Amino acid sequence: MRRFLKSLLNLRQARQIARSAQGNSVRTAANSNSPILRNAIDRAALRSIYSWRTSKQTQHAPSTRLSALSRSMGVNANVVPRTVVSPHHQLSFDNKRVYIPWDEGVTSSYHNIWLRDSCQCSSCFHPITKQRLINTFSIPTTVHPESVEALDAGLKILWANDGHESFYPWDWLHLHSYQPVLEKHLSFRRVLWSRGDVQDDPPVVEFANVMESDAGVAEWTSKIKLYGFCFVENVPVTPDDTEKLINRISFARQTHYGGFWDFTSDLAKNDTAYTDLALGLHTDGTYFTDPPGLQLLHLLHHNGSGGESVLADGFKAARVLREEAPEHYKTLSRIRIPAHSAGNEDVCIRPATTSRPILNHDEATGELVQVRWNNDDRSTMDRWEGGDPDVDVIRFYEAIRKWHEIVTRPEIEYWFKLRPGRALIFDNWRIMHGRSAFDGERRLCGAYINMDDFDSRMRLTNLGREAVLKYL
C-alpha cells in the first residue's frame with residue numbers, strides 16, 4: 001500500500017489533490033483486509049474510481065475527491081474544510097432569484113421558487129425518511145426573500161410571503177448549482193480490460209472479509225464496479241453459504257427462474273442455460289424491461305469435462321467498435337432489438353416498453369451505461385422505426401457481424417474454469433458471459449441482484465451515508 005501511494009503521488013492528478021489538502025495526514029491501512037493493489041491496472045484505475053466531474057472554475061472539489069479516493073484505497077484522510085463564498089462580494093436577491101458569488105470567480109443564481117421548494121428544514125424535509133414534506137403547490141409563484149444572510153455554515157433566507165426561515169449549507173448549494181452547473185454527480189469510473197489485463201491477476205476478495213464487515217463489502221463492490229466482475233475465494237461449497245454471500249449486497253431478484261437458484265443441466269427450465277450445450281457470449285435478460293444488474297454463480301460440483309467459462313468486457317468491446325467502425329457503433333446504439341423468453345409453457349416475456357438497442361447511453365451525459373446482447377433471444381425484427389429499412393437491415397447485419405468479430409477475439413475473451421469454493425459475480429449490464437459445452441454432472445447455484453440495489457450498497461459502503469445524502 002505504501003508503495004502504491006508513493007507511485008500515486010507522482011501522478012499529476014494526485015499532485016493536484018495533494019495541493020488542495022495541505023497538511024493532511026494519510027494513514028495506510030496495513031492489514032490483510034486492505035484492497036489488493038498489485039499491478040499497473042489497479043494503480044491506473046484507483047486514481048479515478050471516484051471522479052468528480054467539475055467545471056474548470058471549480059477549485060475546491062479536489063478535497064472532496066481525495067476523501068472518496070481515499071476510501072476506495074482503504075486509507076483515512078482528514079480533508080481541509082473548503083471555503084466557498086467570495087469574501088469580496090455580497091449576496092443579492094430580487095423578485096426572481098438569489099445570487100451567490102463563489103470564491104472561484106463565478107456567481108450562481110437560484111430561482112426563489114426552487115429554493116423555497118428545496119428547503120432542508122425538518123418541517124419541509126423529513127429528517128429521517130428523507131422525503132419532501134412541503135406542499136409544493138402551496139408556494140406562491142411570486143415567492144421571494146425578505147432577507148438573505150450569509151452565515152459561516154450556509155445561507156439563511158427569511159421568506160416574505162409567510163415568514164418561514166430556511167437554511168442551506170454552502171456545500172449543498174454549490175453541489176446543486178444549476179445556473180451555472182459547478183459540480184455534476186459523482187461518476188464511478190471503470191477499468192476497461194482485455195484478457196491480458198486480468199488473466200493472471202483477476203479481481204478477488206475473500207469470503208471471510210465480505211461476511212465479517214462492511215469494509216469487506218466496500219472492497220467487493222468497488223472491484224465489481226471497477227472491473228465489472230470479481231471472484232470470491234474460499235466460499236463454503238453449499239447453497240446456504242452462497243445465498244448468505246449474495247445477501248451481503250442485497251436480496252436475490254425474483255424472476256421466472258426463481259430467486260436463488262440451485263440447478264443442473266436437466267432442462268428444469270426450458271432455457272439453454274439448463275443444458276450442457278455451449279453458450280456464446282451474451283448478457284442475461286435482454287427480454288426484460290429492466291435486465292438483471294448483477295449475476296452470481298458458484299459451481300458446487302462437476303464430475304465431467306468441458307464447461308469452461310468465458311467473460312468479455314462489453315464496454316471495452318464497444319470502445320474498440322467505436323474506434324474501428326464508428327458507423328457500426330452508431331447503428332448498434334440506434335436500432336432497437338426485440339427479445340423474448342418463451343420456452344416455458346406458462347411464460348412469454350417481452351419488454352413492457354419499447355425494445356432497446358445493444359448499446360445504451362445515458363441521455364444526459366452520453367456515457368455508455370448498458371450492453372444488451374443475446375443473439376439467441378433476439379425476436380423477429382420486423383420494425384425499423386426512425387430509419388429506412390432498405391438501408392438499416394443491411395447496416396444492422398453488418399454491424400452485429402463486426403460486433404461478434406470483436407467480442408470473440410482471443411485478446412478480448414477471458415477463459416477460465418469455475419471451481420467449487422470460488423464464486424463469480426459480474427455486472428450483467430457490462431460483462432458478457434458464456435461457456436463451452438460439457439459432459440457429466442454439473443451443479444451450480446446463484447442469483448440475480450437488481451442494479452439499483454447494488455448501486456445503493458456500493459455507494460453507502462464506499463462513500464458513507466452522509467456523502468451520499470448530499471446528492472438528494
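Me: What does "buried" mean here, and what makes Asp313 count as buried?

Reply: Buried means under 20% relative accessible area, exposed means over 50%, and partly exposed lies in between, with a 1.4 Å probe and protein chains only. Asp313 has a relative accessibility of 0%, so this residue counts as buried. The model is a predicted one, in which local features need pLDDT of at least 70 and side-chain atom pairs count only at pLDDT 80 or more, while totals for chains, interfaces and linings use all residues. Residues are numbered from 1 along each chain as its sequence is written, and side-chain values use heavy atoms, with hydrogens and water left out.

Me: Where does Asp313 lie, and which residues does Asp313 touch?

Reply: Asp313 belongs to strand β16, residues 309-313, where a strand is a DSSP run of E of at least two residues and a helix a run of H or I of at least four, both numbered from the N terminus. Contact means heavy atoms within 4.5 Å, and, leaving aside residues up to four places away in sequence, Asp313 touches Val191, Leu192, Trp193, Arg430 and Ile431.

Me: Why is the pair of Tyr257 and Tyr274 called stacked?

Reply: Rings of Phe, Tyr and Trp (its six-membered ring) pair if their centres lie within 6.5 Å, and planes under 30 degrees apart count as stacked, over 60 as edge-to-face and the rest as tilted. By this rule there are 19 aromatic pairs. For Tyr257 and Tyr274 the centres are 6.2 Å apart and the planes 15° apart, so they form a stacked pair. Tyr257 lies in the loop between α10 (239-247) and β13 (261-263), and Tyr274 in the loop between β13 and β14 (279-282), so the pair ties together parts that are 17 residues apart in sequence. Both Tyr257 and Tyr274 are buried.

Me: How do you know that the charged end of Arg422 sits over the ring of Phe231?

Reply: A charge sits over a ring if NZ of Lys or CZ of Arg is within 6 Å of the ring centre and within 35 degrees of the ring normal. The charged end of Arg422 is 4.0 Å from the centre of the Phe231 ring, and that of Arg442 sits over the ring of Phe438, 5.0 Å from its centre.

Me: What makes the buried residues of α10 line one face of the helix?

Reply: The buried residues of α10 are Asp241, Thr242, Leu245 and Ile246. Seen down the helix axis, they fall within an arc of 145°, so they line one face of α10; the arc is that of the directions from the helix axis to the C-beta atoms.
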